[in-house]
Amino acid sequence: MELQEVLRMNGGEGDTSYAKNSAYNHLVLNKVKPVLEQCIRELLRANLPNINKCIKVADLGCASGPNTLLTVRDIVQSIDKVGQEKKNELERPTIQIFLNDLFQNDFNSVFKLLPSFYRKLEKENGRKIGSCLIGAMPGSFYSRLFPEESMHFLHSCYCLHWLSQVPSGLVTELGISTNKGSIYSSKASRLPVQKAYLDQFTKDFTTFLRIHSEELFSHGRMLLTCICKGVEFDALNAIDLLEMAINDLVVEGHLEEEKLDSFNLPVYIPSAEEVKCIVEEEGSFEILYLETFKVLYDAGFSIDDNYPVRSHVQVYSDEHIKAEYVASSVRAVYEPILASHFGEAIIPDIFHRFAKHAAKVLPLGKAFYNNLIISLAKKPEKSDM
């Protein structure tokens with residue numbers, strides 16, 4: 001099965017869907033919002049071509065569910081807020097927003113929310129229906145999506161750790177895995193494996209920057225939020241816990257060791273320095289802002305109205321309930337690719353064991369993602385200077 005066919009979030013609106021299990025990402029987007037607003041402010045000051053009439057924006061790797069339109073709302077509100085500060089609210093530009101993800105993404109669930117979203121924009125922002133136009137642009141963000149110099153602002157959150165492919169060289173000529181017991185470039189992986197993953201990330205991220213710089217107007221902006229490595233050696237991210245859960249099944253005899261060793265996620269978690277160096281070496285963008293922060297896995301529990309158990313302090317203090325919540329969030333992201341390799345029947349067992357490991361580390365404060373926000377401006381062509 002082609003990678004792009006299984007590289008997606010769980011669709012629909014069921015209990016295991018991404019739509020019902022993405023409060024964690026909601027928290028990350030809230031952290032990014034002030035930086036987004038500043039980015040929009042600088043963008044409007046740059047006076048790019050046609051920006052006073054129609055601002056063209058894309059959300060790369062938009063996924064599905066409520067967070068997709070939360071990003072759109074934040075972008076629209078930021079544009080309108082800056083416009084009001086400039087006393088241009090009567091001359092609001094039209095906003096054209098393209099939602100991008102792979103072809104298998106559940107775009108339909110997003111489109112069903114658009115009528116109520118447009119009505120809410122009109123009620124809360126005074127934006128008449130038709131002044132904000134939202135459409136889909138399916139395809140890999142590692143390939144061309146838009147015409148040259150046609151976009152003003154590109155946004156992406158929690159997507160760049162996904163690689164275009166599993167790195168080559170993870171299996172020897174004799175068919176032996178060089179990443180035994182691991183499912184990505186973890187702390188336990190051998191140096192050749194870590195190098196293979198870094199090389200693939202460098203290639204992909206360089207391609208990402210080059211292609212999308214061509215799509216942006218000169219001085220156009222790009223705001224990226226991604227998972228990054230932290231300095232805490234004993235910290236565990238979700239993929240580490242997932243790896244531990246799958247290894248448990250091997251030890252218990254429920255899964256063949258060869259099945260684990262033949263599985264490698266197309267995921268790389270870079271350091272902030274690696275991201276910075278690749279941006280500088282590729283050369284199309286100037287770094288305007290860079291910040292790192294961390295968010296605990298269970299931080300979204302108290303705000304997630306979709307989760308079946310809510311509000312009782314006694315229940316909230318139960319680490320097993322929070323661990324199951326975290327397991328559900330991770331399942332919504334990784335189930336399609338895991339099921340394609342290990343089979344659907346074993347998925348509940350994987351995340352049952354995941355929750356057990358999560359319950360042990362959540363009280364210690366060692367289960368979290370480090371995050372990186374980086375704001376970029378396309379450098380002007382020499383002819384524009």
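Helices (H or I, at least four residues) and strands (E, at least two) are DSSP runs, numbered from the N terminus. This is a predicted model, in which local features need pLDDT of at least 70 and side-chain atom pairs count only at pLDDT 80 or more, while totals for chains, interfaces and linings use all residues. Residues are numbered from 1 along each chain as its sequence is written, and side-chain values use heavy atoms, with hydrogens and water left out.

View A. Rings of Phe, Tyr and Trp (its six-membered ring) pair if their centres lie within 6.5 Å; planes under 30 degrees apart count as stacked, over 60 as edge-to-face and the rest as tilted. Here the centres are 6.0 Å apart with 45° between the planes, a tilted pair. Phe351 is buried at 5% relative accessible area, and Phe354 is buried at 0% (buried means under 20%, exposed over 50%, partly exposed in between, with a 1.4 Å probe and protein chains only).

**View B. Trp162 and Tyr334 form one of the aromatic pairs, of which the structure holds 13.** Their ring centres lie 5.5 Å apart and their planes meet at 45°, so this pair is tilted. It links distant parts of the chain, 172 residues apart: Trp162 belongs to the loop between strand 4 (151-157) and helix 5 (191-215), and Tyr334 to helix 10 (residues 319-342). Both Trp162 and Tyr334 are buried.

**View C. Asp74 meets two partners, Lys33 and Arg73.** Each contact is a salt bridge (a side-chain nitrogen of Lys or Arg within 4 Å of a carboxyl oxygen of Asp or Glu). The closest N and O atoms are 3.5 Å apart for Lys33, and the N to O distance is 2.9 Å for Arg73. Lys33 is in helix 2 (residues 23-45) and Asp74 in helix 3 (residues 66-85), so their bridge ties together parts 41 residues apart in sequence. Asp74 is buried at 2% relative accessibility, whereas Lys33 is partly exposed at 25% and Arg73 is partly exposed at 27%.

**View D. Cys228 is in no disulfide.** A disulfide is a pair of cysteine sulfur atoms within 2.5 Å, and the structure holds zero of them. The cysteine sulfur nearest to that of Cys228 belongs to Cys226, 6.3 Å away. Cys228 is buried at 4% relative accessibility, while Cys277 is partly exposed at 36%.
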